[in-house]
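Here are my notes on the model, as numbered points. Please read them alongside the coordinates.

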Amino acid sequence: MEKITKFLIDFGKGLGLESFVDEVGNVIIRKPATPGMENRKGIILQAHMDMVPQKNNDTIHDFTTDPIETYVEGDWVKAKGTTLGADNGLGVAAIMAVLEDNNLKHGPLEALITKDEETGMYGAFGLKPGTMQGEILLNLDSEDEGELYIGCAGGLDITATLEYKEETPMADFVARKITLKGLRGGHSGLEISEGRGNANKLLARIVHDLLIEFDSQLASFEGGNMRNAIPREAHAVLVFNLEDMDGLEDYMKEYEAQLNDEYAPIESGITLSIEEVTLPTAVVPSEIQDNMINVLMACQNGVMRMIPTVPDTVETSSNLAIVIIADGKAEVRILARSSCDTMKDFLADSLTACFAMAGMKVELSGGYSGWQPNVDSPILHAMKLSYKQQFGVEPAVKVIHAGLECGIIGANCPGLDMISFGPTLRSPHSPDERALIPTVSKFYDFLVATLEQTPEK
């Protein structure tokens, strides 16, 4: 993150603009109004500098040193086996383009490029009141061109943990690693309503059945690596009595076919593999094992409720994001989202009760409220008119079930008039992330027109 911060500061200073880093690591760059535009309201252009580093297991890539390998397929730009970084790299790039173009017309501008959005919105949380001078905030972190977002969901991190005393497996037992992969994954807010498979949920189901059908015991379980990404892959190590393994491979092939049948056409290419591994030195005690698998089976995952007044938009959901059971400790991490604070609290209470029944300790952290929509927003009306003038159609006005930074920034800087928009992206937070090339120029042209037509103070 330090290298990105330095790059952005050097970029701003290289343009002769006031550029600085606030106390939590956000980059702020100020550009004066162009001649004749000094009486316009100040605009804050906001995006985040970080991305979700996801890659396929068979992709060799170091996100700290290796460049993203991109390629074009039809109208889409994609990455080879990794996330693309268009979320939110395109927003940052648009801001940089505005800052360096001296032919544009605009009022006073501030670039706010926040830190650590994907890991907990820490940059937005740490923004101090009075740091920003603008009256309008344009968040460039939405993923459907032609849509203006005026509200978003709040979120809450839920972490359940349990320590246990391991047992020693029978010396004549054998170990097998069960790997589930091939799922699409994706953004746990934007794509949670699509019914995509959750690797942790599916593997828990498989392990549950294996423990019943075969004489086996759980040694370890691991799946997912980011709270805001639907887990695509997971694996578990089980130990078996060699005499009771007849039919295991056929059983797994049938299970694989069953999952592909259940999830068609949402998912394609779900695979289950069995690999012989060295017998581990320890396994999970039977009671703990059963409690853990049962709680993974039982806990809420996916959409809980749609917004009653906007029935095509998710209100409340949870993502069973990360599961690690190994070395005497079990840990489960969930991201709960809701645009209704009371429903978010209810979901948190429900999950807490579920994990408590398995004897787990539950901690709630990183909570933030949603961004409540303002249909009378002056910048909303101006942007709707501008979009129709440019493209001949009215933009859609929506509430998004993702955690945008607008709600947090708005709480820290009361009175901001806020809109979120962007080019069309698909499957952010997964290696299937892609950006629709024709929408990028439309997004940028609309941004430039918005700056030129900013209301007067």
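1. Residues 179-265 have end C-alpha atoms 22 Å apart. The span is 36% helix and 26% strand; helices (H or I, at least four residues) and strands (E, at least two) are DSSP runs, numbered from the N terminus. UniProt, in an unreviewed entry, places "domain: Peptidase M20 dimerisation" at 179-265. Such annotations may be inferred rather than shown by experiment.

2. This is a predicted model: local features need pLDDT of at least 70, side-chain atom pairs count only at pLDDT 80 or more, and totals for chains, interfaces and linings use all residues. Residues are numbered from 1 along each chain as its sequence is written, and side-chain values use heavy atoms, without hydrogens and water.

3. The largest pocket holds about 860 Å³ of space. A pocket is an open set of points on a 1 Å grid over the protein atoms alone, where a 1.4 Å probe fits, with protein on both sides within 12 Å along at least five of seven lines; lining residues have an atom within 4 Å of a point. Volume is the space filled by probe spheres set on the points, which are joined across faces, edges and corners.

4. The lining of the largest pocket has 31 residues, with Ile4, Met49, Asp50, Met51 and Phe63 nearest its centre. Helices H1 (2-14), H2 (86-100) and H3 (117-120) each give two or more. H2 gives the most, with 6.

5. The second largest pocket holds about 480 Å³. Its lining has 24 residues; Asp144, Tyr149, Leu190, Ser193 and Ile400 lie nearest the centre. Strands E8 (147-152), E17 (310-326), E20 (396-400) and E22 (425-426) each supply at least two.
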